[in-house]
Amino acid sequence: AASVHGMAGKAMPSLPAGFKLRALRQADAELVDARWSFRSATSIDLVRSMVSERLGCVGVEDESGFLRGWILRYPKGDLGMFHVEEAWRRRGLASQLLQRAIQELSAADEPCFAFVVEGN
């Protein structure tokens, strides 16, 4: 598979065979919420509302259709809840997720930014 160039101009790794990027769905909200380090009694409502907006909310699934990583866009526009399941890290999934979210936001002429928790 062909590589694309990432934000720093380096060749971005292709997704593993059988993996694909897709818009997040409401059915994904519970898994996303369960993995979020800031989860609370009401955070599922926030996750569901973010997924319903769709723009910048991207997941990557494996050949069996299991969600292995995701990125979402908060109501104020920043990207976050960025996560790749531990067993699937170091394979370029995060780079692909971020690149797709950036492409979606750029195509819609929306700002693209994120805040990073120190140590993350």
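Reader: Why is R90 called exposed?
Author: Exposed takes over 50% relative accessible area, buried takes under 20%, and partly exposed is in between (1.4 Å probe, protein chains only). R90 has 86%, so R90 is exposed. Keep in mind that this is a predicted model, where local features need pLDDT of at least 70 and side-chain atom pairs count only at pLDDT 80 or more, while totals for chains, interfaces and linings use all residues. Residues are numbered from 1 along each chain as its sequence is written, and side-chain values use heavy atoms, with hydrogens and water left out.

Reader: What makes the phi of R90 worth a look?
Author: Phi of R90 is near 70°, a positive value in a residue other than glycine. Most residues other than glycine have a negative phi. R90 sits in the loop between β6 and α3 (93-107); helices (H or I, at least four residues) and strands (E, at least two) are DSSP runs, numbered from the N terminus.

Reader: And M81, is that one buried or exposed, and how do you know?
Author: M81 has 7% relative accessibility, so it counts as buried. M81 belongs to strand β6 (residues 78-84), and its phi, near 50°, is also a positive value in a residue other than glycine.

Reader: Why do you call R73 buried?
Author: The relative accessible area of R73 is 15%, so R73 falls on the buried side. R73 is found in strand β5 (residues 67-73).

Reader: What makes the R73 and E110 pair a polar contact?
Author: A polar contact is a pair of N or O atoms within 3.5 Å; within protein, one must be able to donate a hydrogen and the other to accept it, and residues adjacent in sequence count only if both atoms are side-chain atoms. The side chains of R73 and E110 are joined at 3.0 Å, as a polar contact. A polar atom of the R73 side chain also lies 3.2 Å from the backbone oxygen of G77.

Reader: Which other residues is R73 in contact with?
Author: Contact means heavy atoms within 4.5 Å. Leaving aside neighbours within four places in sequence, the partners of R73 include M50, L55, C57, L79 and P111.

Reader: Zooming out, what is the pattern of the chain, and what makes it compact?
Author: Along the sequence you read β-β-β-α-α-β-β-β-α-β. The radius of gyration is 14 Å, close to the 14 Å that the globule rule gives for 120 residues, so the chain is as compact as a globular protein of that length. That radius is taken over C-alpha atoms, and the rule is 2.2 Å times the number of residues to the power 0.38.
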